[in-house]
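Biologist: I have the file open and would like to talk it through with you. Can we start with how the parts are arranged?

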Amino acid sequence: MDDDKKMHIISKDTFAEFINNLIADNSLNVVGVKSKGEKFAFGPLESANQLRLDYDVTLLPPKKYFLPQYEERVTYDVATGFKAKDPKESKSNVIIGVHPYDIMALLHMDEIFRETKSDPYYLERRNSSIIIGTNIQKMSEQCFAPSMGCATIDYGYDLMLTDLGEKYAIDVGSHKGADLLNKYAKDVKKAFARDIHAVGKKKMDIVNMTKQKFNFSSELIPEMIGRFYEKDSFWKDHSEECLSCGSCVLVCPTCYCFDIQDIPDLSLKKGQRLRTWDGCLLEDFAKVASGENFRDTKANRYRHRYFKKGKYLFNRFGFVSCVGCGRCSSNCLPDIANPVNLFNDMYAESLKSGIEIDSATVPDISIKTGTIIEFAPKLATIVKKVPMTANETMFELKLDDETDLGHQPGQFVQVSVFGVGEAPFGVSSSPTKKGTFELCIRKLGNVTSKMHTLKEGDKVGIRGPLGKGFDAEFLKGKDLLFVAGGLGIVPLRSLFNYVLANRKDYGRVILLYGCKEPRELLFGDEILGLEDRDDVEFMSTVDWCPEEEVWTSNVGVITTLIPKVDFDPQKTYAVVVGPPIMYKFVIKDLKSRNVPDDHIIVSLERRMKCGVGKCGHCQINQLYVCKDGPVFNYSDIKGVPEAL
Amino acid sequence: MKPKVAFFDFAGCEGDQLQIANLEEEILDLLGQVEVVSFREVMKEHSDDYHIAFIEGSCTRQQDEERLKQIRKNASVVVAIGSCATIGGINSLKNYQNLDTVKKIVYGENASLFDTYLARPIDAVIPVDAYVHGCPMTKEEFLHVVKSLLLGKKPEIPNYPVCVECKKNENVCAFERGEFCIGPVTRAGCNSCCVNEGTKCWGCRGMVDNPNENSQKEVLIKYGLSVDDAIGKFKLYFGWEKKK
């Protein structure tokens, strides 16, 4: 063939030969749609006869070849540390029979896995695989791809097949596709106008095959759903029968949330770190080690799924993250996951309440592709371990490669404990401290408890620094009011000590620090020593003081200290870090003292797993705490309902 | 020093201990990490000096409670293995019937010689530190729990239903094959082994923390079960969980 971009015709016999030639080449992994019981699934092909291009929908989308259900990404050995698997070893496939909606889904995922920090394993598989698409011959009962504009596609495939009776039309979509056809297929003929015409007609017919239709244009979805966030009864009614089984999201071609697990072998010295599919509909998806579950009702989880697809990803990427394959609805036993039903109900309710909805304006988005994600932690040595309270210990760590951590105040690191797993911790030392850095860790879950048994000289893994910290540069010249509750002092200390180290660059420095009772006071000597400094105003409080303990300062919750300080709200920036419950009350009091919203800075805690804005666990509405935070300006999150 | 472990059995079929005896090559790796001091199914020796006690079977008699309490006293870690021990198991089926009738069915005219009470899981009698669910438990999960304990880690057992593993394994849903499956309320961790083999989930691992039982029953009825049969689906393994 001399012209790549043309449409070709191949007889069905010759097509079967083409497939068999591909299978015969042992350097290729050839997979295609096969029958599985009365359903269909992508699987390895042994012969062209197995290929069922007349399928309606596969059980799982071809996503499994790019983001496998279980994937080993890092191995570890207590003796040598962590080693990331070479992305080049990722298996590539020739995938035959992909429907257009599933191709569209891969295009969505490409942007997600490329954005900001790119996933080398996913991208390597995408670059090295070949997609042979097929136009839909039979549409599943639940498919609404036409409504989403994904029933046919003109891009994203290497070859695209259309069944024309005794022959296939093959549309060549890439040089890779052309080369494949050249090398493995014989008797490929040029398509005539009648064939191109026939393909056009077929594609038009496909659009009319659907039984599932929106009563409105799908372009209204982002704007419409945005108005339903607070309609609690709507979400509660629709999710009442939810089994929290996650089926809808696990079979979704555009869902990508994942979990990370460490699997030790029986030597207990070596093991692997797996990435595996997870889902935001599952009960514990947003639960943190302290036991707090940030999305603890069926209705909240159910709503999150629709918002993530209909609104959050639209805001970030400009697409509604649904291609209309219908797998969610065909896999939902109580039959509550069908987006067509939900959005039609929403539209009906909008009409009833007289809400007029415009098409959402597609946001102006420039997607930054950035650095490659580092999956393997660096080794660090515990150089000092200082117990602070019964449950909290300060660990001073030094990276084995002798580099500085290089963090901003407020950033966090992911700490790996061999055989146990990884957990996020805010760095507690100022970047002005060179050579080592400090973490103050409360004994709470598996990683933290094991961490407490480690000794000076023991090794842990470190990924990071991660996230967005405090903007210490911007705060220069400002008066600073630090408000710390309990463990909140830990990340806050990184900024506080930075400010003290550069004291002349900042205005007034006020620290209000509260904890439950005197014995829980962290950094006791350091903090109480502040009372002797005349360039720092310091006040502390405890919620209560048991009889056997001594406390001479204030007793009461942290907000009881706020009326005791005098500050100029226009010149002051408040840096507030504490347990979730504290923010609401402290912010209310600050606002009543006329502190502008954008003068309030907070740091949030969520279940951060990947730490790079992919796995979905730490998401609060459209924001990823690990990537967009953990430090946020209050003015940026006051309209984010899940934040505070 | 390797931690000493001991195995104990109460009312059950010993199928879980058999899984351990069947570990094949992995048993050698395991024996590199622990010292077995008592295991009636495979050895004659017995010692009361152990750190970790693995207990199979449910407690079905008052007098078994003393033995359990003694094990708890001797061991620093108690692990319940298999459904009978973790959730009461199929022994709890008898809990739905009159106990005198049950005794007569089993022991006939000698019924008065035997004592029995409601079948219950081990944690209804003594505190349990870790669970290996399943009927029988799988070797894989047993090793997962043992490795976690040896690493000083609380074993992570899923709190999501079997459907998650079924979907990852790309099974055709049992309901689509005309089966009545209890997987949507059953705790995963078995890698959906029964459905993988073409059958359905019976619920041997017990329910997730917050099962939506009403919805599960409605699904069973929607797919053709009578209300009684739908309720019956919860009885096979969930007898104790439902009664308590």
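Modeller: The C-alpha centres of domain 1 of chain B and domain 2 of chain B lie 25 Å apart, with domain bounds that come from an automatic or database domain assignment. This is a predicted model, in which local features need pLDDT of at least 70 and side-chain atom pairs count only at pLDDT 80 or more, while totals for chains, interfaces and linings use all residues. Residues are numbered from 1 along each chain as its sequence is written, and chains are lettered from A and ligands numbered from 1 in the order in which they are written.

Biologist: Where are the bounds of those two domains in chain B?

Modeller: Domain 1 of chain B runs over 4-150 and domain 2 over 163-243.

Biologist: And how many residues of each are in contact?

Modeller: Domain 1 of chain B gives 18 residues and domain 2 of chain B gives 14, where contact means that the C-beta atoms, placed from the backbone, lie within 7 Å. On the domain 1 side, helix α4 (residues 83-87) of chain B gives the most, with three residues; helices here are DSSP runs (H or I, at least four residues), strands are runs of E of at least two, and both are numbered from the N terminus.

Biologist: Switching to the contact between the chains, how many residues does each one give?

Modeller: There are 31 residues from chain B and 31 residues from chain A. On the chain B side, the elements that give two or more residues are α2 (25-31), α6 (139-150), α7 (163-168) and α9 (213-222).

Biologist: What is the domain assignment of chain A?

Modeller: Chain A has domain 1 (7-207), domain 2 (218-352), domain 3 (377-466) and domain 4 (479-603), and the C-alpha centres of domain 1 and domain 4 of chain A are separated by 57 Å.

Methods:
Two residues are in contact if their C-beta atoms, placed from the backbone, lie within 7 Å.
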